[in-house]
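Q: I am new to this structure. Can you walk me through a few of its features?

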Amino acid sequence: MRLYNTLSQKIEEFTPVTPGEVKIYACGPTVYNYFHIGNSRVFTLFDTFRSYLRYRGYKVTFVQNITDIDDKIINKAKDEGVLWSDIAKQYTDAYIEDIKKMNIELPDVSPKATEEIPGMLALIKKLVDEGTAYVSKNGVYFEVEKFPAYGELSHQNLEELQEGARVDVDDEKKSGLDFALWKFTKPGEPSWESPWGAGRPGWHIECSAMSSRYLSNTFDIHGGGADLVFPHHENERAQSEAANHERFVNYWMHVGYMNIDGEKMSKSKGNFVFVRDIIKDYSAEVIRMFILSAHYRGPIDFSRENVEAVKKGYTEISYTLQRLAQLDGAAPDKKSPYIKSFIDALDEDFNTAKALGIVYEAVNDAKNLILGKKIDKYEGDIKANLKMLESDIKEMAQVLKISPKFEAPEAKAKELVKEIEKMRVEKNYEKADTLKKEVNSLGYLLEFTKTGAFIIKELK
RNA sequence: GGCGGCGUAGCCAAGCGGUAAGGCACGGGUCUGCAAAACCCUUAUGCAUCGGUUCAAUUCCGAUCGCCGCCUCCA
C-alpha cells in the first residue's frame, strides 16, 4: 500500500512500525457545536480507511481526541449563561449521536482533554526542564527557535512565517510564533493546578500527550483536515519531537475541504450544513458514498444536486443486489478480477473514487448477465458468475461501508407476483395491471425478464 | 508577500509519459402485452491558454490566465 505523506509531499510505500498493525491518530472535534458535513468528511474518511486496513489484514488502533476545554467552549458557555462543562457535555453527546447516525464506528480510544491533564503537564515539564519551553506572564510557551525542524511539515520557513504572521505580537512571548503549552487562568475561567500556576492546556498539547499515551511516541499515521497542517500539526510535531527526541509520526494524511459553491465550508463563514440535518434527507450510505466519490486529498463540492446524483448511483447498486439476491445458487469459490482492481485502487493512496468506479463496472456486468448477454470474460454457468459478482459487489460495498440495506420481499408481494405471472400467461392483462398497482403500493418495483420476475424494494 | 492545491464532456469525477475509467443528465434506439431507476448506442481528435522537452504529453518543464486554501479559531 502506498500513501501520500504531507511531510515528504510524495506518495510513499506504507510500512507500519509494527508489522501487521497500524496505529492511527486523527484530530477529533472541539465540542462547542454540532459537527457539519464538512467535518464529517474527515471522520468518514478515516472510518472507511480503518475498514479497508482491516480488510487488508491489519490490526488497527484508532485514537481520536475530544477537545472539551477551549476558548470557543468557554465563550459559548458565557453567551448562553451556562457552565462550560455543560456545553462540553451537551456537544460531546451530540457528537456521539451524529457519529452513530453516520454509521461511523467509534474510535478505539476517545480521550478527553480534561481527563488527560497529567500527561500534558508531564510533557510540558520535560520541555521546560530542557529549556525548549519557557514561562512567561501569560503562560508556558514553546520556543519555536529551539526546534530547528519547525516548519518542515507545512513547508514554511521561520522568516516567512514571521513576515506573514497576522498574530498580534505579544510582548510576553520571545517570538510571535511561540505558542502556548499552558495558559494561566483568567478570572472566571476553568483551571487546573500546575507547577507553574493554575491554568488550562494550550490547544496543541493534548494531541501530543494522548497519542504518546495511547499509541506510542512514534506511530504510523496522523490525520486530520488540511487546515490543521499549520499551525496545529506543526506544533504537535514540534512539542512531541522536542520532548521525546524521537520521530513523532511516520505518515501525515490530510483530508481536503468540503466546499459549498467553491468555498470552504466552515463554521466561521456560516455556510455549513449540519450532519444531523442532512441525515434526515439522505441515508448514511449515500452521504458516505458522496464523500468517497472524490479523492480524499482534493476538494469536494457539496450541493444537493451532487448528492442526488450519487444517490441514483447508490440506488442502482441496491437494485442490482436485490435482483441478484433473488437468484438461487451459491457463490463459487472464486472472485472476479474486479476485486483485484478494487484493492489496487485503494492501495494507491486510498483512491476511493476509482474504487467506486470499479463497483459500478461490476454492477453493470451483473445487469447484463441477468439479461442473458454474453460477456467474454465470463465463462461457464451464468448463475454461478452472477453469484460470484453478487458476492464481490457485497464485499466491496462492505469494505467501503456503503452496503445497501434491504430485506427479502414480503410474502404478500411474492404471492401477488405469482398471480401476475399467471395472468400474463393467460393474457389477462387488465387483471395483471391491477395486481401490479397493488404490488407497487406495497413499495415494490417489478421487472419481468427472461430470467424471471424481480421484486425490488423501491428506494425513495 | 510566502507556501500549497485546483482548472478533464452539460454536471460530478478518475487517470498523470503510450494515445481519455466510472456516475448523473440529455438525445436516439431495443426488449416488453404495457412497463421498468431493464438493456444498447450516442456525447471531449480532446484534458484552462501559450511555448518547450520527447518517437510519443492531459500526463514532464516554463510562462500566462482563472479559482480556492493555509500563513488567525477552523475538519
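Predicted model: local features only at pLDDT ≥ 70, side-chain atom pairs only at ≥ 80, totals over all residues.

**Domains, rings and a pocket**

Q: How is a pair of aromatic rings described?
A: Two values do it: the distance of the centres and the angle of the planes. Now the case here. The whole structure holds 20 aromatic pairs. One of them joins Phe-290 and Phe-302, with 6.0 Å centre to centre and 80° between the planes. Planes over 60 degrees apart count as edge-to-face, and this pair is edge-to-face. Phe-290 belongs to helix 9 (residues 284–292) and Phe-302 to strand 13 (residues 300–302), twelve residues apart.

Q: Are Phe-290 and Phe-302 buried or exposed?
A: Both are buried.

Q: Which residues do ring pairs link into a cluster?
A: Tyr-25, Phe-219, Phe-248 and Trp-252.

Q: Where does the charged end of Arg-424 sit?
A: Over the ring of Phe-448, 4.4 Å from its centre. Lys-457 lies over the face of Tyr-444, at 4.7 Å from the ring centre.

Q: How do I read the second largest pocket?
A: Take volume, then lining. The volume is about 280 Å³. The lining has 13 residues, and Gln-326, Glu-421, Gly-452, Ala-453 and Phe-454 are the closest to the pocket centre. By class, five are nonpolar, three polar and five charged.

Q: Which domains supply at least three residues each to that lining?
A: Domain 2 (301–400) and domain 3 (411–457). Helix 14 (411–425) and strand 15 (452–457) each give at least two lining residues.

Methods: Residues numbered from 1 in each chain as written. Chains lettered and ligands numbered in written order. Heavy atoms only, no water. 1 Å grid on protein atoms, 1.4 Å probe; cavity = no way out; pocket = protein on both sides within 12 Å on 5 of 7 lines; lining within 4 Å. Points joined across faces, edges and corners; volume = space filled by probe spheres on them. Helix = DSSP H or I, 4+ residues; strand = E, 2+ residues; numbered from the N terminus. Nonpolar A, V, L, I, M, F, W, Y, C, P; charged D, E, K, R; others polar. Domains from an automatic or database assignment. Phe/Tyr/Trp six-rings, centres within 6.5 Å; stacked < 30°, edge-to-face > 60°. Buried < 20%, exposed > 50% of the residue type's maximum accessible area, 1.4 Å probe, protein only. Lys NZ or Arg CZ within 6 Å of the ring centre and 35° of its normal.
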